[in-house]
Amino acid sequence: MKILVITELRQGKWNNASFETLAAAQQIAKDTSSAVSALVIGKDVAAFAEELAGKNVAEVLRVEHNLLEAYTPDGYCVALKQVVENAKPNLVLFPHTYQVRDFAPKLSAMLGKGMIGDCIGYRNEGGKLVFVRQMFQGKTAADVTFTGAAPWFASFQSGAFRADLLAAHPSEKAPVNSVTVSLSAEQIRTKPLDLFKEVKSAVDLTQAPLIVAIGRGIKAPENIPQAEALAKALGGEIAASRPICDEGWLPMERQIGSSGQTVAPKLYLALGISGAIQHVVGMKGARTIVAINKDANAPIFEIADYGIVGDIFEIMPALTEALERAKSG
Amino acid sequence: MVSASRMSTAGGALDSIRHQQSTLRHSEGHHGRQEKEIAAASRESLGVSHEPTQKIEKIYVPTKTKKTEFLTGTPKEVATKLVEKLKFEARVI
């Protein structure tokens, strides 16, 4: 089987979920004796292609075109359709990013194929790949298989696989092959304008490795500085569940959950968060989850690696102090 | 009102709902109006001739895979324990 991974760059930087998907592809390849190709698309992406070549992949496909400098769904779909038709992969994998949600269903439909999106895992059942995805905001899971002929399209949820487990190339580097695509300005029906952040201090929590999140347990906006001090001591970002942002105690961009951001940091410290499913779907991909809550039966403990049943107002300052001590020691 | 006996089976409940809808229509003056024909369209006539491309094999409630380790003690003790766990066990800080 041949697996093609479509990686993602935004504003000249990797989206880290690309490496998670590449790690997933390596794992599937190992289970099914398959070969992995990694694709990088854009303009002036030679350095990124070289970086990918250092990973354990059979080849890197470099798709460059002036019209691919800025992302457009039309440009990406027209280009990637040609690549998929020529390379003939059996399985095409994407990281389940906002950009992928925008173009990947269109691409698969252009090729008359279906897509299993937002998968959290897979199983190899006698050579047949079974993809696992969540339904009803994570309340249920579903095993989904492809029917019909390849290529099959699937995307993996952020945090479903660990980027740090991505294997390096065993010898030197994989070959980088440039792929020429035919693309004209008339085929692109939208014009991307300059990207902007809604507020100057806007933060991209999806890229934050350490997150301290607060919930209703924080009780009042006057108490938030305690959590911010803890986040500072940790070197992390502050985030919140929906009620806190609805109250306006923290800006909406810091909301985690089904109506906010989906994050997969190394560490997620949940303070006074009960663990409603709408919140959990946005953070359960975190590598290590710590929950501190006075209610021992709070559902957040079901997904936590470490749990502390107690008063966050007593534990927050103690933890801030312990972190400061650990840093200086 | 829906009687208890009519609620005893799903079919009974459905009949009851239909009955209520019918009653509502009558009360709003739709009685006697000619029913509009509902056009049926085949998948092929809509230009969707592809066979399904995926199949849901199973839907289930996910099982918990993580084992939560609870830390106990005074706030200062649990804070110290947690920092050690995060530093040397989880290695995330």
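Let's start with polar contacts. Across the interface of chain B and chain A, the rule finds 19 residue pairs in polar contact, both at pLDDT 80 or more. The rule asks for a pair of N or O atoms within 3.5 Å; within protein, one must be able to donate a hydrogen and the other to accept it, and residues adjacent in sequence count only if both atoms are side-chain atoms.

A word on the source. This is a predicted model: local features need pLDDT of at least 70, side-chain atom pairs count only at pLDDT 80 or more, and totals for chains, interfaces and linings use all residues. Residues are numbered from 1 along each chain as its sequence is written, chains are lettered from A in the order in which they are written, and side-chain values use heavy atoms, leaving out hydrogens and water.

Next, salt bridges. The rule finds one across this interface. A:K128 and B:E57 form it through their side chains, at 3.5 Å, N to O. The cut-off is a side-chain nitrogen of Lys or Arg within 4 Å of a carboxyl oxygen of Asp or Glu.

Now the strands. Strand 9 of chain A, residues 140–146, runs antiparallel to strand 1 of chain B, and six bridges join them. Strands here are DSSP runs (E, at least two residues), and two strands pair if DSSP finds at least two bridges between them.

Last, the whole contact, meaning heavy atoms within 4.5 Å. Chain A gives 45 residues and chain B gives 33.

Conventions:
Helices (H or I, at least four residues) and strands (E, at least two) are DSSP runs, numbered from the N terminus.
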